[in-house]
Amino acid sequence: MKKDKNNSESDSEVVAKAAIFDSLNNLLVLKRGDTGTKWDLPGGHVKNKEKFDEQGILEGLKREVYEETGLQISTGTKVTQFDITWKGNTNPIYLFKITLNQPTPDIDLTVQDFQENIDSVWIPMEKIEPFLENATEVLETSVAKLQGKEITEYKEPWVHYVFETFFTN
């Protein structure tokens, strides 16, 4: 059965992601089981009915976070927005920061019927680098933006090589 992209309950092109920090300033990352076991942030596509404003996108994020982690969040602050192209589709990514008032709450990866994630970890930002070696582009970009780093988009792999070789040697 084909999905109706205009149905208000269908997934939209808009993706909301949550940089969830506990009270000790550890970031929650999830290991995806459906895209090559890469590390990612909680969140996903918001529904068509949720995509029209920042509050609706936040509501969609709350739903996604609960489905993926069992955490019930009440608020979040939009940090940034950026585009990611994956499988030929460009999606706007809305990154929200959420700070919890407790240290490392338990995560339940089995709330939804289809388990997208197979592991979770609370990690201090200063120890995030090893996780970025096997991360989604969304997590890489989000961490860079949270750290205030400049993002350079590369359209072709050789550009990255030339840039790295020319500017770092």
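Modeller: One term before we look at strand partners: two strands pair if DSSP finds at least two bridges between them. Helices (H or I, at least four residues) and strands (E, at least two) are DSSP runs, numbered from the N terminus. Also, this is a predicted model, where local features need pLDDT of at least 70, side-chain atom pairs count only at pLDDT 80 or more, and totals for chains, interfaces and linings use all residues. Residues are numbered from 1 along each chain as its sequence is written, and side-chain values use heavy atoms, with hydrogens and water left out.

Biologist: Thanks! Which residue in E4 stands opposite Asp11?
Modeller: That is Lys47. E1 and E4 run antiparallel and are joined by four bridges.

Biologist: And how many bridges join E1 to E6?
Modeller: Seven, and those two strands run parallel. Lys17, for instance, has Leu95 in E6 as its bridge partner.

Biologist: How many of E1's residues are buried?
Modeller: Nine of the 11, so E1 is mostly covered; buried means under 20% relative accessible area, exposed over 50%, and partly exposed in between (1.4 Å probe, protein chains only).

Biologist: Switching to the helix: where is Glu64?
Modeller: Glu64 lies in helix H1, which covers residues 54–69.

Biologist: Is Glu64 buried or exposed?
Modeller: Glu64 counts as buried because its relative accessibility is 8%.

Biologist: What does Glu64 touch?
Modeller: Leaving out residues up to four places away in sequence, Glu64 touches Gly43, Gly44 and His45. Contact here means heavy atoms within 4.5 Å.

Biologist: Which strands do the buried residues of H1 pack against?
Modeller: They pack against E1 (11–21), E2 (26–32), E4 (43–47), E6 (89–99) and E7 (117–124). Among the buried residues of H1 are Ile57, Leu58, Leu61 and Val65.

Biologist: Why does the length of H1 agree with what it should span?
Modeller: The end C-alpha atoms of H1 are 22 Å apart, and its 16 residues should span 22 Å at 1.5 Å a residue, so the two agree. The expected span is 1.5 Å times one less than the number of residues.

Biologist: What happens just after H1?
Modeller: Gly70 takes a positive phi of about 80° there.
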